[in-house]
Amino acid sequence: MNLVDLWVPSVVLLPIVVGLTCVFLPWRRALEVVHLVGVTMTCVLLLWLVSHVVQAGAMTTDHLFFHVDALSAVLLLILALVGWTAGLHSIGYIRREWSEKALNMRQIRAYYALYHGFFATMIFVVVVNNLGLLWVGMEATTVVSAFLVAIYHKAEAIEATWKYLLLCSAGIALALLGVILLYASSIVRLGVRSQGLDWTVLSNPNLHLQPQLVLLSFAFILVGFGTKVGLAPMHFWLPDAHSQAPSPISALLSGALLNCAMFALIRFAVVAEDTLSGHWVQHLLIGFGLLSVFVAFPFLLVQRDFKRMLAFSTVEHMGIIAVAMGIGGPLGYSAALFQMFNHSMGKSMLFLGAGNVVQQYRTKQMGRMVGVLRRMPFTGVVLLIGLLTVTGVPPFSVFTSEFTIFVAGFQNRDILPTIVLMALIALVFAAMLYHLLRMVFGEHERVKSPELPLSRWSTWPLLLPMVLVVTMGVYAPQSFSELIQHASDILARIPS
Amino acid sequence: MVSLQVLSVGLMLTTISLLYWKRIVTAIRILALQSFFLGFIAIWMAARTGTSDLYVIAALTILVKGLGIPWVLNYTLKKIDIHRETEKLIGRELSLLAGGALLVVAYVTTSKLKISGMDVPHGVLAISIAMLLIGLLMMMTHKKAIMQGIGLVVMENGLFLAALLLTYGMPFLVDIGVFLDIFVAVILISMLTYRMDRVFQSTNTDHLRRLRG
């Protein structure tokens with residue numbers, strides 16, 4: 001028994017314990033304190049784990065139950081940063097909802113308890129070794145976060161939750177068929193063993209699985225987890241769920257959950273790539289990715305609801321990441337992972353900022369949200385920098401990663417897809433800039449009723465992602481680049 | 001082998017008949033019966049391969065899917081207590097026809113699949129795929145929220161059968177996790193159905209039309 005065997009399980013168990021504690025707390029103040037301490041402790045543990053992986057490489061617990069490699073560490077880093085920022089913002093957000101009687105005590109207790117439950121399922125997905133249990137974790141994220149999307153008992157929230165639950169459950173059921181087929185193929189090679197679905201076993205490139213079964217399996221996996229990632233044409237749940245959830249949860253969905261789904265997809269893609277001859281996996285990823293970016297553009301342009309617009313921008317970014325994963329090669333993979341990180345920071349800060357604006361203006365319609373910069377200077381700056389970041393304007397970090405994706409595309413001779421991607425990103429940039437200029441600048445109408453100032457909990461936490469997107473564009477710390485490098489080596493099959 | 005075939009025909013008949021019945025209560029009973037058949041197949045498989053894990057899985061199938069899920073669904077139905085008939089986009093005859101067509105599709109696609117090491121008849125695998133497809137069909141054509149939930153459970157049942165045939169069940173912990181997930185999903189479906197009834201005075205999903213574009 002060494003330290004690692006306690007450490008990794010405790011990262012999964014701690015949020016569960018905190019969540020269960022929240023269920024039994026009758027006072028709002030106590031809930032806030034437990035939530036704050038719990039979320040901070042979880043994130044510190046996660047960051048500690050990440051730094052350990054950076055220094056000492058991948059680690060595996062007893063019985064090979066958990067496996068944390070550099071790829072998981074990148075995801076854990078994203079989870080920790082987004083989870084902590086959204087966690088602190090939640091306190092301000094929920095206080096405001098409470099004072100306006102939009103949520104009652106029972107709902108607040110459920111919110112905090114489920115927040116930690118949701119966090120735990122996402123961490124579990126990233127650190128578990130068995131790909132079957134990874135599926136279980138993925139379905140668990142759907143079920144837990146569906147409760148969170150449904151926290152307001154409004155007609156729209158019920159509709160969004162219903163679509164989210166049914167589409168993702170049906171999609172992910174197809175992914176389960178893919179997992180079963182992969183397991184059948186592994187049984188033929190290895191015999192019936194409980195390790196037959198372990199990543200540590202299946203990631204061995206000399207394991208010759210049956211190509212026909214693996215191709216079929218990957219097709220189901222791509223459709224199934226692709227639904228969860230929000231790849232077009234399976235993205236219909238995404239804008240509804242993102243716009244109806246409480247804003248901190250939208251930030252978690254967009255900045256953390258979708259990346260976990262992408263992580264699951266990529267784990268299976270690596271296994272499939274080893275077995276299949278030809279470039280099936282690459283072509284499928286590039287195809288679905290480009291389609292997502294293409295579909296997102298017209299919806300972005302005509303959107304009136306601010307949070308829906310951000311959700312379609314998320315569809316676009318997931319498409320870009322899928323294309324980059326499809327381009328592959330050491331450069332393509334590291335660009336994809338860097339893009340994942342940057343998008344998470346930029347988009348979570350936008351959704352949290354959007355939450356502030358919606359609470360202050362009492363509307364989600366962009367037509368009525370004019371002059372944010374004057375009325376709420378801090379949030380206005382956050383929105384401005386966030387929107388410039390996610391549209392890929394230099395010097396912010398998304399520009400750097402998108403530029404690297406283009407370079408990787410040209411290097412790998414995927415000329416046509418890269419040019420199409422560049423053109424589409426330029427179009428999306430124009431569409432979002434149009435909305436941005438009207439919303440952030442412009443005169444705001446005179447406010448009739450005196451308004452409550454925003455709590456510091458709702459504003460200060462946003463500084464963290466904001467500093468990261470600004471600095472990461474020009475300078476990335478040595479250890480961070482190393483981590484991304486190691487993770488992309490795992491995907492590109494370069495033994496370290 | 002004969003008992004396997006009899007049980008799998010039972011599965012097929014229950015699945016097809018779900019497309020026929022008009023009362024939701026009957027559909028829930030049929031779903032329970034189907035899960036019992038599935039549990040017996042798991043017991044048969046356990047006896048044949050001598051894996052003790054599978055007995056536990058079989059017991060869980062009967063407990064969770066045969067008794068637990070139907071109880072939750074019935075409870076919800078009693079609470080909302082109105083409009084107990086199903087409503088569909090397409091008529092009864094057309095949906096039976098579509099179910100038959102899906103069965104043919106399942107047979108044709110699985111007969112082409114070569115899986116070395118599988119020693120059960122291909123027809124049974126075809127039935128599992130047909131259950132998956134018909135479950136999906138139910139989710140798409142039914143308008144009542146509870147019936148869409150039943151479609152999801154039928155899909156899961158088909159997957160469970162496929163896992164039994166192809167791999168003698170998934171690794172133990174995975175199976176447990178799958179049960180847990182589907183059970184919580186059904187509870188959530190029931191909860192949402194209840195809220196839908198409170199807000200729209202109906203559980204017809206046609207009312208869910210506000211979020212567009």
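Mentor: A salt bridge here is a side-chain nitrogen of Lys or Arg within 4 Å of a carboxyl oxygen of Asp or Glu. By this rule the count over all chains of this predicted model comes to 10.

One of them pairs A:R267 with A:D69, with 3.0 Å between the closest N and O atoms. A:R267 belongs to helix α10 (residues 247–275) and A:D69 to the loop between β2 (67–68) and α3 (70–99), so the bridge ties together parts of chain A that are 198 residues apart in sequence. With under 20% relative accessible area taken as buried, A:R267 is buried at 2%, and A:D69 is buried at 3%.

Another bridge joins the side chains of A:R308 and A:D240, at 2.9 Å from N to O. Because A:R308 lies in helix α12 (residues 306–327) and A:D240 in helix α9 (residues 237–244), this pair ties together parts 68 residues apart in sequence. A:R308 is buried, with a relative accessible area of 6%; A:D240 is buried too, at 2%.

The side chains of A:R493 and A:D274 also meet in a salt bridge, with an N to O distance of 2.4 Å. A:R493 sits in the segment after α20 (478–491) and A:D274 in helix α10, so that distant parts of the chain, 219 residues apart, are linked. A:R493 is partly exposed, at 29% relative accessible area, and A:D274 is partly exposed at 26%.

Finally, salt bridges that share partners join A:D240 and A:R308 with A:E159 and A:K163 into one network.

Key:
Residues are numbered from 1 along each chain as its sequence is written. Chains are lettered from A and ligands numbered from 1 in the order in which they are written. This is a predicted model: local features need pLDDT of at least 70, side-chain atom pairs count only at pLDDT 80 or more; totals for chains, interfaces and linings use all residues. Side-chain values use heavy atoms; hydrogens and water are left out. Helices (H or I, at least four residues) and strands (E, at least two) are DSSP runs, numbered from the N terminus. Buried means under 20% relative accessible area, exposed over 50%, partly exposed in between (1.4 Å probe, protein chains only).
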